[in-house]
Amino acid sequence: MTPRLSRRAALAMAALLALPLPVAAETAPPLRVVTSFAIDSMNPWEDGFWMQEFGQAELLMQFREDGRHHPWLLERLENPEPTRWVMTLRAGLTFQNGKPVDAAAVLAAIEAARAHSASAKGAVPDGAIFAVTGPLELTVTTPAAWPELPGVLADESVFLILDAEAVAAVGEDWGRLVGAGIYTGPFAVTALDSARMEAVAYPGYWQGPPALPGLTLSFVPDPSARILAVQNDEADIALYPPLAARPMVEATPGVHFNIGALGTGGFTGYMNLRQGPLADPALRKAVLRAVDYREIAHDVFRGGLAQATSLYAANLPFALENYRTDLVEAAALLDAAGWVPGTNGTRQKDGTPLTLVLAIYPQQPDLAPLSAAVQAQLARVGIAAEIVSFDGINRALMEPANRWDIAMVSTGAAGWGRVQGFLENYLLPGARRNYGGYDNAEVSALVAELATEADTARRTAILHRIQTILWDEDPYAFSFNIHKGRVVVNDRYACYQPGFALYHISWQTAPCR
Amino acid sequence: MISATGIDPTAGRHRPPPHLLAALVRHPTGRWGLILTALLLTAAAAGPWFAPHPPNLPDYAAALRPPGPGHWLGTDATGRDQLSRLLDGARRSLGGALVVSAAITLIGLIYGTAAALAGRWVDAAMMRLVDVVLALPGLILAFAVIGLLGPGYVNLLIALIAADWAWKARIARACAQAAVNSPAAEVARHLGVPEWRVVARHILPAVFWPLLVLATLGLGGQIAAISAFSFLGLGVPVPLAEWGAMLAESRFFFRIAPWLLLAPAACIFVSVLAANLLGEALRDLATPEGRS
Amino acid sequence: MPLSTAPEREGRGLVRALLSRLAQAALAALGASLIVWLMLPLAPGDPVDMILSARRIEEPTAAQIAELRARFGLDLPFWRRYAHWLAGVVQGDLGLSWRTGAPVVGLLADRLPATLRLVGLGFVVSLAWSLALALVAARWAGRWPDRLVLAYTRVFAAIPAFVLALLVLQFVVVGLGLGRVLSGGAGLTLALAALVLGIDRAAGWTQLLRAALLAEMARGPADVARARGAPEGRILRVIALPAGLLPWLTAAGMSLGGLIAGAPVIETIFTWPGVGAELLAALSVRDVPVIQAFVLLAVLGYVGASFLVDSLALWLDPRLRDGGRP
């Protein structure tokens with residue numbers, strides 16, 4: 001107990017030193033947030049990414065609504081030549097424990113992550129060297145160009161900026177990191193157990209004193225209980241409300257269902273080329289044109305999701321706008337492929353009815369209405385569909401014995417603006433998540449080229465070409481929708497907008513005026 | 001002793017009364033149990049033909065309609081007809097309970113009779129296993145089985161069977177034991193009737209009837225368990241209708257669409273009530289003093 | 001009626017019978033744990049895959065897989081893993097959670113008090129409520145209070161606990177503003193949740209006790225008292241209740257397991273910080289060590305309760321000491 005107390009004392013003292021002015025008397029009570037997922041531990045390598053979402057930890061770069069990466073803890077990020085990046089830190093940054101954040105500290109954090117975090121190991125290309133080249137400057141050199149570096153620096157699961165020395169000191173006893181102030185964000189963790197996390201404002205925060213004195217994050221897996229907690233004034237913000245709850249919330253005084261900006265992913269469809277009728281590209285093209293993207297966004301989910309206009313969210317600079325619903329073209333494609341209308345409304349070929357299996361999974365409740373809607377939409381062009389729910393969807397889809405034709409999986413095709421990981425894991429032959437056995441030589445070559453292509457115009461051209469192939473030539477992966485952030489809030493936080501890229505809490509988060 | 005079932009295996013005199021159906025109709029509460037059960041089972045069996053709409057087909061224009069013409073029990077958030085879903089779900093809620101009850105009766109019957117017939121150390125070993133399984137409270141065992149097999153409707157039924165068979169096996173063994181040594185069986189053996197006929201004529205019927213009464217008494221519990229596990233998301237997968245799963249879906253709409261809560265809850269309530277009334281009546285008829 | 005025996009023989013007999021019951025209880029718990037272990041191979045998939053998916057590790061390295069195998073002892077043969085687990089249990093170590101990698105004991109220690117409060121209070125509520133109802137029913141047997149109690153028990157025996165809990169949460173906690181949704185496992189919500197759990201069980205127990213009381217009221221001792229002119233209420237309290245109470249308590253103790261098993265649903269609905277809610281989280285990712293720990297806990301609770309009611313019965317009724325069970 002003694003070490004923790006002294007650390008807390010040091011934290012408080014450091015806070016006082018960093019901010020000589022007395023903190024303005026706070027009138028707002030601490031923010032109460034309820035979320036679905038528990039933060040299991042203070043282990044920064046496995047559970048640290050949550051800290052970015054709730055205002056404890058920060059990253060070097062930030063991915064914003066405009067679909068671009070902006071410096072966060074960095075002053076600037078420059079790419080003087082394709083194989084060299086120069087990162088310049090902001091001056092005057094401190095960890096919550098008062099220690100300064102300089103180039104050496106950031107390098108220590110990066111190297112610690114590369115040593116301990118699986119996602120950091122996977123994100124950095126072989127031969128990359130990070131080096132301190134000035135008090136606030138780091139230089140990254142790579143054997144080949146590394147165009148994804150800004151996205152990697154903005155990815156919450158890669159390089160959290162933390163006090164690596166303090167982390168190393170606790171060994172595996174992660175509980176000792178509570179109150180240790182290892183991050184740079186506006187709120188420092190003061191308690192964590194299996195039911196809640198508590199954090200208090202860090203007055204020395206580099207952008208200014210946080211607007212709230214602190215926050216409590218309660219872990220409540222049951223979505224209904226989260227909403228009821230807001231309704232009963234036991235919480236201010238409930239995260240991850242199911243869209244199904246929206247009519248009820250909107251009919252209840254004192255609570256609001258707020259829909260936020262466009263996300264970077266959505267429910268993605270993957271078509272099975274290994275077995276079943278979808279081996280025929282004409283049929284796959286017909287399916288793409290039979291799905292009513294507008295109905296999904298506007299009628300099924302009443303605007304709670306965005307309409308898919310391409311594989312990528314429309315706010316990304318490389319997104320094409322090539323999706324359209326065309327039942328006439330779909331029917332023509334089916335006719336040409338030999339699937340002719342049958343007596344009971346289902347098309348058939350040589351007496352075999354055209355029936356597709358839609359694979360969903362129970363962890364995403366919104367897939368139930370979505371799959372039912374897609375089933376009804378496919379029926380309009382004479383394709384019958386049945387819905388099968390797999391527990392452990394990733395394993396189930398890779399298992400050849402399981403029969404499915406279209407898998408519906410919530411995927412980030414461009415999480416934190418990074419495109420490479422999705423393309424490599426989902427579209428290349430033999431890749432870990434290539435559920436349907438997709439193998440298109442041109443796509444594979446384009447993905448390989450993209451990995452080291454630094455020129456923005458050429459990158460956009462490559463991504464446009466991939467989107468075109470996936471719609472017109474050799475369809476496989478497609479978006480049913482693009483997700484939007486959503487929260488349930490009480491009157492005090494009625495103006496709260498869901499954070500973009502899971503950035504829920506900032507130093508400016510405060511009750512509405 | 002008082003047992004939760006009122007079945008005393010040592011009595012060895014449990015036979016169905018001669019005119020079971022007539023006796024049930026005469027029984028003051030059994031009558032209602034019989035009528036309700038028959039209605040529910042008919043609805044479950046004929047549900048697909050009665051249902052006015054496809055149970056899983058959404059109609060967004062008709063979402064959250066209150067009960068009225070066209071949708072006699074209203075619609076849910078995606079415009080699916082609740083009456084059709086209740087009828088469709090009845091097959092899973094009630095049918096599943098019937099399957100579970102039939103399976104545990106059969107397993108109990110075979111296991112218990114086999115133990116009683118084998119006698120000696122086989123009997124002792126088989127009953128020791130039953131004792132050990134009985135040390136696991138039934139639903140806990142069901143949780144463990146689902147935890148290992150993973151959620152799913154078939155896994156749920158397996159879990160509920162695993163949770164309840166041992167208890168039936170113990171009763172069956174006691175009944176069979178009594179029947180093996182019953183005067184009627186002794187006489188038959190003495191007359192040179194082959195052993196398999198003795199078993200078929202004298203032992204299995206003596207075991208079957210008490211087990212049937214127990215199974216009926218337990219039916220309500222099985223219906224409630226299937227609904228509860230599905231409510232927790234451990235049973236029927238998402239698009240399919242099941243009463244407990246429908247309750248879980250409707251939790252968001254209590255205030256604005258109370259019919260979505262009340263109708264499945266009423267279905268579960270009436271089914272459990274019907275099974276309990278029928279089971280109690282059968283138990284009354286099974287114990288001699290209850291027949292008067 | 002206790003038979004009078006020599007006091008010293010009675011004491012020794014009681015101790016021996018208690019020890020024998022204790023040994024039976026321990027054996028039952030051991031056997032139950034073995035059964036859960038024997039079911040493990042039924043689980044589809046390699047345990048390492050299950051651990052990886054439980055921890056949401058998407059792309060494991062060979063080193064990570066080897067490290068997990070070593071840390072969770074998956075390379076050892078089955079019987080050695082069981083022996084290791086058993087040795088751990090004796091020392092109060094239930095292994096590491098597959099999901100979090102944290103000791104399961106710590107998890108249970110965090111969450112057990114809330115569950116014990118819920119189940120304990122629920123048990124007391126259902127005993128008290130069913131005792132009161134059964135006494136009323138037996139006192140006015142065949143008349144309207146009896147009919148009312150009977151109708152009440154029929155109705156509540158047919159309402160599953162989770163439906164009752166949903167109604168209470170919606171209409172009492174949120175509707176009337178009594179208690180809290182995020183209760184933290186205490187306060188007014190504790191009373192409400194225990195009431196739901198207790199009322200659910202009370203229906204069956206009332207029927208049991210009522211039947212026992214009526215049977216006792218029809219037996220010889222009651223008739224004798226009646227012939228001497230004792231009023232019915234007094235016969236019920238002095239003669240029928242003591243005779244009927246013990247078997248009823250035994251039956252109630254035996255069904256304590258059902259009460260424990262009902263906790264996960266109630267805990268989910270009332271957002272209870274108990275082990276039941278933790279079990280559901282473990283079930284969804286198939287966190288086997290946590291599931292095993294919960295089973296062990298439930299078995300110990302059940303076996304312990306059986307042992308207590310057995311001991312109570314032995315103490316009250318020496319006839320049972322020669323190996324019979326009540």
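Predicted model: local features only at pLDDT ≥ 70, side-chain atom pairs only at ≥ 80, totals over all residues.
Reader: How many salt bridges does the rule find across the interface of chain B and chain C?

Author: The rule finds one salt bridge there. The count of residue pairs in polar contact between chain B and chain C is also given, and it is one. On the side of chain B that touches chain C, the elements giving two or more residues are α4 (120-134), α5 (138-149), α8 (195-231) and α10 (259-286) of chain B. Of these, α5(B) gives the most, with ten residues.

Reader: What is the make-up, by class, of the side of chain B that touches chain C?

Author: That side of chain B has 33 nonpolar, six polar and three charged residues. The contact takes 42 residues from chain B and 47 residues from chain C. Carbon and sulfur atoms give 82% of the area buried between chain B and chain C, which is about 3,700 Å².

Reader: Why is an area used to describe an interface?

Author: The size of an interface is often given as the accessible area lost when the parts come together. For chain A and chain B, the area buried between them is about 1,700 Å², with 70% of it on carbon and sulfur atoms. Three residues, A:S224, A:M248 and A:R302, supply 23% of the area that chain A buries against chain B, more than any other three residues. This contact takes 26 residues from chain A and 17 residues from chain B.

Reader: How do you know that B:R251 forms a salt bridge with A:D222?

Author: The closest N and O atoms of B:R251 and A:D222 are 3.1 Å apart. The cut-off is 4 Å, so the pair qualifies as a salt bridge. The count of salt bridges between chain A and chain B is one, and three residue pairs are in polar contact across that interface. On the side of chain A that touches chain B, the elements giving two or more residues include α7 (223-231) and β19 (384-389) of chain A. The largest share of that side, six residues, comes from α12(A).

Reader: Why is helix α9 of chain B described as mostly covered?

Author: Helix α9(B) spans residues 243-250, and six of its eight residues are buried. The buried residues are B:W243, B:G244, B:A245, B:M246, B:L247 and B:S250. Their cover includes α3 (82-118), α8 and α10 of chain B together with α7 (161-174) of chain C.

Reader: What does the secondary structure of chain B come to?

Author: Chain B has ten helices and zero strands. Of the 292 residues in chain B, 57% are buried.

Reader: Why is C:D287 called buried?

Author: The relative accessible area of C:D287 is 1%. Buried means under 20%, so C:D287 is buried. C:D287 lies in the loop between α12 (275-285) and α13 (288-316) of chain C. A polar contact of 2.6 Å joins the side chains of C:D287 and C:S97.

Reader: What makes that pair a polar contact?

Author: The limit for a pair of N or O atoms is 3.5 Å. The value for C:D287 and C:S97 is 2.6 Å, which is within that limit.

Reader: Is A:D350 buried or exposed?

Author: A:D350 has 77% relative accessibility, and exposed means over 50%, so A:D350 counts as exposed. A:D350 lies in the loop between β16 (347-349) and β17 (352-353) of chain A. Its phi is near 50 degrees, a positive value in a residue other than glycine.

Reader: Is C:T271 buried or exposed?

Author: C:T271 has a relative accessible area of 16%, which is under 20%, and C:T271 is therefore buried. Phi of C:T271 is near 50 degrees, a positive value in a residue other than glycine. C:T271 lies in the loop between α11 (256-269) and α12 of chain C.

Conventions
Residues numbered from 1 in each chain as written. Chains lettered and ligands numbered in written order. Heavy atoms only, no water. Contact = heavy atoms within 4.5 Å. Buried area = accessible area lost by both parts, 1.4 Å probe. Salt bridge = Lys/Arg side-chain N within 4 Å of Asp/Glu carboxyl O. Polar contact = N/O pair within 3.5 Å; in protein donor to acceptor, adjacent residues only side chain to side chain. Helix = DSSP H or I, 4+ residues; strand = E, 2+ residues; numbered from the N terminus. Nonpolar A, V, L, I, M, F, W, Y, C, P; charged D, E, K, R; others polar. Buried < 20%, exposed > 50% of the residue type's maximum accessible area, 1.4 Å probe, protein only.
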